[in-house]
Amino acid sequence: MITTTIKWHSPADDLPEATTDKILIYNKAGYLSTCSYSSRHKLFNASDYATEADAKMTAIYPRYWAYNPVLPETESEAE
């Protein structure tokens, strides 16, 4: 068994430090999913390469976000 701890952040209080494609979000409907984050636009599900209008069009506004945990390949690596 592998046990992890996920630290959830409120987007109103805290945003990721850098652009990444490894963000775990909990949306307002109660679902978990992964998406990217653009530090340029300060939006989830957006790309730094997108125009501001395109970034806003694809943006997701999650209830909470977390860095996607890196899990070991096997249980023996977790020990």
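How many aromatic pairs does the structure hold? The structure holds 4 aromatic pairs. Before I turn to them, please note that this is a predicted model.

Let me begin with the overall picture. The chain has 79 residues, of which 23% count as buried. Its C-alpha atoms fill a box of roughly 45 × 25 × 20 Å along the principal axes. There are 2 helices and 4 strands, and from the N terminus on the elements follow the order β-β-β-α-β-α. Among contacts in the chain with a separation of 6 or more, 46% join residues 24 or more positions apart.

A word on confidence is in order. The mean pLDDT of the chain is 90, and 94% of the residues reach at least 70. Of the elements, helix H1 has the highest mean value, 97, while helix H2, residues 75–78, has the lowest, 62. Where pLDDT is low, the predicted coordinates should not be read in detail.

I turn next to the sheet. The 4 strands form an open sheet with antiparallel pairing, in the order S3-S2-S1-S4. Strand S3 (43–44) and strand S4 (64–67) stand at the edges with a single partner strand each, so one side of each has no neighbour in the sheet. S1 and S2 are paired in the antiparallel sense over 5 bridges. As an example of an individual bridge, Tyr26 has Leu32 in S2 as its partner.

Which residues make up the largest nonpolar core? This core has 6 residues, namely Ile23, Ile25, Cys35, Tyr37, Phe44 and Trp65. Apart from neighbours within four places in sequence, Ile23 contacts Pro16, Ser33, Thr34, Cys35, Tyr37, Phe44, Trp65, Ala66 and Tyr67. There is also a second, separate core of 5 residues, which includes Leu43, Ala46, Ala50 and Ala55.

This brings me back to the aromatic pairs, of which the structure holds 4. One of them joins Tyr37 and Phe44: the ring centres are 4.9 Å apart and the planes lie at 55°, so the pair is tilted. Tyr37 and Phe44 are both buried. Phe44 also pairs with Trp65, again in a tilted arrangement, with 6.3 Å centre to centre and 45° between the planes. Phe44 belongs to strand S3 and Trp65 to strand S4, so this pair ties together parts that are 21 residues apart in sequence. Trp65, like Phe44, is buried. Through ring pairs, Tyr37, Phe44, Trp65 and Tyr67 are linked into a cluster.

Finally, I come to the charged side chains, where the structure holds 2 salt bridges. In one, Asp21 is bridged to Lys22, and the closest N and O atoms are 3.5 Å apart. Are these two residues buried or exposed? Asp21 has a relative accessible area of 54%, over the 50% cut-off, and is therefore exposed. Lys22, at 48%, is partly exposed. The other salt bridge is formed by Lys56 and Glu52, with the closest N and O atoms 3.1 Å apart. Lys56 and Glu52 are separated by about one helical turn, because they are 4 residues apart in helix H1, residues 52–58.

To summarise, we have seen an open antiparallel sheet of 4 strands, a largest nonpolar core of 6 residues, and an aromatic cluster of Tyr37, Phe44, Trp65 and Tyr67. Thank you for your attention.

Methods. Residues are numbered from 1 along each chain as its sequence is written. This is a predicted model: local features need pLDDT of at least 70, side-chain atom pairs count only at pLDDT 80 or more; totals for chains, interfaces and linings use all residues. Side-chain values use heavy atoms; hydrogens and water are left out. A nonpolar core is a set of buried Ala, Val, Leu, Ile, Met, Phe, Trp, Tyr and Cys residues joined through side-chain atoms within 4.5 Å. Buried means under 20% relative accessible area, exposed over 50%, partly exposed in between (1.4 Å probe, protein chains only). Contact means heavy atoms within 4.5 Å. Two strands pair if DSSP finds at least two bridges between them. Rings of Phe, Tyr and Trp (its six-membered ring) pair if their centres lie within 6.5 Å; planes under 30 degrees apart count as stacked, over 60 as edge-to-face and the rest as tilted. A salt bridge is a side-chain nitrogen of Lys or Arg within 4 Å of a carboxyl oxygen of Asp or Glu. pLDDT is the predictor's confidence in each residue, from 0 to 100.
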